[in-house]
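Trainee: I have a model open in the viewer. How should I read its contacts?

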Protein chains: 2
Amino acid sequence: MAIGNKTDRRILRTKEAINRAFLEVFSEKEFDRITINDISERANVNRGTIYLHYTDKYDLLNRCIEDHLDKMISSCTLTKFIQEKVDENEAKEALKSLFNYIQENFLFFSSMLSSQKTSIFREGIQKNLTSSIQEKIDMQGINQGMDKEIIIEFTATAFVGTLEWWIINQKPHPPEYMADQVWTLFKRNNITS
Amino acid sequence: MAIGNKTDRRILRTKEAINRAFLEVFSEKEFDRITINDISERANVNRGTIYLHYTDKYDLLNRCIEDHLDKMISSCTLTKFIQEKVDENEAKEALKSLFNYIQENFLFFSSMLSSQKTSIFREGIQKNLTSSIQEKIDMQGINQGMDKEIIIEFTATAFVGTLEWWIINQKPHPPEYMADQVWTLFKRNNITS
DNA sequence: AAACGTTTGTTGTATATTGAACAAACGAGT
DNA sequence: ACTCGTTTGTTCAATATACAACAAACGTTT
């Protein structure tokens, strides 16, 4: 991942097409009933081409989740809110954009959570989030003397749980509201400076 | 055109991508200012690939117009309303779907008409419509003894003019209303049975 | 169990597309 | 007039994808 040399346009295109197609079919059919052919037809791609990039239907599922989470994280610069010297407005904006991202890709997230494979998704997002926080967390200042692992785990768990609740309950509140609420909760728990 | 043997998926995909990209860029930039690179980048296609399918920027424009008009005509089964023994409701539905098609692809049509190249587009759609009517028109019944060419020309001109007016004036009336009006006008002029 | 259609991976060859380079034409600015 | 950056077509070898065929595994039905 994160290769410097640009990948061939064709690869990027077909992967995108496959991903999009998979998400669409996934939101319509139970995962077990999905065939590779369903996906290839929807993506307008040869069936064999899928095997060129993914070993399996399950591999495709996992990579698809990974990709989506990566995009979510990076497009939202989520980690800002956990850093030292964080600007309050900046952090709130990051949170808001995160909830917005989920809202825009609601199809994907709700499908993921409504399927039987909930745990896969949950673990995936939590793992992703955890490592993402781990890289950027600043243990100075308010976090000095604290147990890093515990902070991370606490934050990630609370956060993922909130996201899950929000998604499963069909977005009872708008992204702005959610961002405000979550931000307040983090502050109250001294998670941020 | 209308080849029996299926074309390679890649060709269809890239042509679609190029078409879409061209329309997008066309709606943002004046035609003369559009570069092949603009289109290739938007379509996520190599610049050379465009030359594989189109000789020119102008060729691309023309083919794009053709394609779109073909789709419009066929998707609307427009010719129904000019045939003998036409069912009133069926004809109105065809008209309505035509106006709906334009509304859905408003970006394209308004771009076409707002550019300096209005005449190209106008002539294109009129030629397309004319030949389409020519194939299907029934000279029996009410049209017996009439000059076929004149009927066709009259119909096509009136129709295209109305479309143009509707598009340029930013859709002052909904498709249903337009369909009703146009249908009444045709009846009044004894164009249909 | 046997027969059936469907799905799965895999393979070989054909082909469309890529990326890079090129010379030529163009347009803008000095 | 001259330079500069951009756009245009064109070429080439490299590569990703298409298509078709295949045997194996699977799920259903009888």
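**Reading the contacts**

Mentor: Start between the protein chains. Chain A and chain B bury about 770 Å² between them, and carbon and sulfur atoms give 29% of that area. Buried area is the accessible area, with a 1.4 Å probe, that two parts lose on being put together, summed over both. A:Arg9, A:Arg13 and A:Asn44 supply 77% of the area that chain A buries against chain B, more than any other three residues.

Trainee: What kind of model is this, and which conventions apply?

Mentor: This is a predicted model: local features need pLDDT of at least 70, side-chain atom pairs count only at pLDDT 80 or more, and totals for chains, interfaces and linings use all residues. Residues are numbered from 1 along each chain as its sequence is written, chains are lettered from A and ligands numbered from 1 in the order in which they are written, and side-chain values use heavy atoms, with hydrogens and water left out.

Trainee: How many residues does each chain give to the contact?

Mentor: Contact means heavy atoms within 4.5 Å. Here chain A gives 8 residues and chain B gives 8 residues.

Trainee: How many salt bridges are there between chain A and chain B?

Mentor: A salt bridge is a side-chain nitrogen of Lys or Arg within 4 Å of a carboxyl oxygen of Asp or Glu. Between chain A and chain B the count is 2. One joins the side chains of A:Arg9 and B:Glu41, at 2.7 Å from N to O.

Trainee: How many residue pairs are in polar contact across the interface of chain A and chain B?

Mentor: A polar contact is a pair of N or O atoms within 3.5 Å; within protein, one must be able to donate a hydrogen and the other to accept it, and residues adjacent in sequence count only if both atoms are side-chain atoms. The rule finds 8 residue pairs across this interface, both residues at pLDDT 80 or more. On the side of chain A that touches chain B, the elements giving two or more residues are α1 and α2 (36-43) of chain A. α1(A) gives the most, with 3 residues. By class, that side has 1 nonpolar, 4 polar and 3 charged residues. Ala, Val, Leu, Ile, Met, Phe, Trp, Tyr, Cys and Pro count as nonpolar, Asp, Glu, Lys and Arg as charged, and the others, Gly among them, as polar.

Trainee: What is the secondary structure of chain A?

Mentor: Helices (H or I, at least four residues) and strands (E, at least two) are DSSP runs, numbered from the N terminus. Chain A has 9 helices and 0 strands.

Trainee: Where does A:Asn46 lie?

Mentor: A:Asn46 lies in the loop between α2 and α3 of chain A. Buried means under 20% relative accessible area, exposed over 50%, and partly exposed in between (1.4 Å probe, protein chains only). A:Asn46 counts as partly exposed because its relative accessibility is 47%. Its side chain reaches the backbone nitrogen of A:Gly48 at 2.9 Å. Leaving aside neighbours within four places in sequence, A:Asn46 is in contact with A:Ser40 and B:Arg9. For chain A as a whole, 41% of its 193 residues count as buried.

Trainee: Now the DNA. Which residues are closest to DNA strand D?

Mentor: A residue is near a strand if one of its heavy atoms lies within 4 Å of it. DNA strand D is surrounded by 22 residues, and the closest are A:Arg10, A:Thr14, A:Thr49, A:His53 and B:Arg10.

Trainee: Which atoms meet the phosphate oxygens of DNA strand D?

Mentor: One case is a polar side-chain atom of A:His53, 2.6 Å from a phosphate oxygen. A polar backbone atom of B:Ile36 is 3.0 Å from a phosphate oxygen of DNA strand D. α3(A) gives the most to the surface near DNA strand D, with 4 residues. That surface has 5 nonpolar, 8 polar and 9 charged residues.

Trainee: Which residues are closest to DNA strand C?

Mentor: They are A:Arg10, B:Arg10, B:Thr14, B:Thr49 and B:His53, among 22 residues that surround DNA strand C. A backbone N or O atom of B:Arg10 lies 2.8 Å from a phosphate oxygen of DNA strand C. The largest share of the surface near DNA strand C, 4 residues, comes from α3(B).
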